[in-house]
Amino acid sequence: METIRPTLDLEDIVDSAADALESASALEIIRWAAATFGDRICLTSSMSDAALIHLVSKVKPGIDVLFVDTGYHFAETIGTRDAVEAVYPVNVINVTPSRTVEEQDRALGPRLHGRNPDLCCHLRKVEPLGRALEGYMAWFSGIRRDETSSRRNRRVVEWDRKRGMVKVNPILAWSEEDMDNYIEDNGILVNPLHYDGYPSIGCAPCTSPVSPGEDPRSGRWAGLGKTECGIHL
């Protein structure tokens, strides 16, 4: 299949692909996206693990992997990013906000993440990623339906209206067991914080360990009534 031209109606492509690929395997979805968008597709990763990076790189080695370095990450997350760059055949691109943490503190006051987490996420995650995605027609995301209630009705291929591009979710239908099995069977790099009680890993000030049996995402923005940073809304 030839790489599509920008003049084609991407929303029509999304509608037909979402239906056709709903029951497809992750690799089938990735192959379709790689054939359709060529070098105009990238992958985003929070460096929680490298499962999706491994999957996509098997089909499209050398793909751009965008990592948003918020300035608030755990050292383990930065270490995972560096290990991914060394181990997998991908091009890791470090995306940074327009202000450093210190500049944001001077402009908006310290600990914005505690006073207005939605604004902090927007400034340090959503806006930088939006800028980084501008050169692409589509992006791979590692979201899964079983993670949050807001993701249960998502589709494997979606129109990202906010960014005017296509979003591809190859492992959307995977369960936690599917993910664990893939990681074990393929020796996938995993952020070491997972073994210290952090099943869902974000910025250090807004991520807490979770007790066994609790909701895996209950350690994200605990007590703030927030479940998403805004990237996937």
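Mentor: Buried means under 20% relative accessible area, exposed over 50%, and partly exposed in between, with a 1.4 Å probe and protein chains only. The model is predicted: local features need pLDDT of at least 70, side-chain atom pairs count only at pLDDT 80 or more, and totals for chains, interfaces and linings use all residues. Residues are numbered from 1 along each chain as its sequence is written, and side-chain values use heavy atoms, with hydrogens and water left out.

Trainee: Is Arg111 buried or exposed?

Mentor: Arg111 is exposed, at 56% relative accessibility.

Trainee: How is a cavity read, and what is the volume of the largest cavity?

Mentor: On a 1 Å grid over the protein atoms alone, a cavity is a set of points where a 1.4 Å probe fits but cannot get out; lining residues have an atom within 4 Å of a point. Grid points are joined across faces, edges and corners, and a volume is the space filled by probe spheres set on the points. The structure holds one cavity of 30 Å³ or more, and the largest has a volume of about 110 Å³. Of its 13 lining residues, the closest to the centre are Cys120, Cys121, Lys125, Cys203 and Cys206.

Definitions and conventions. On a 1 Å grid over the protein atoms alone, a cavity is a set of points where a 1.4 Å probe fits but cannot get out, and a pocket is an open set with protein on both sides within 12 Å along at least five of seven lines; lining residues have an atom within 4 Å of a point.
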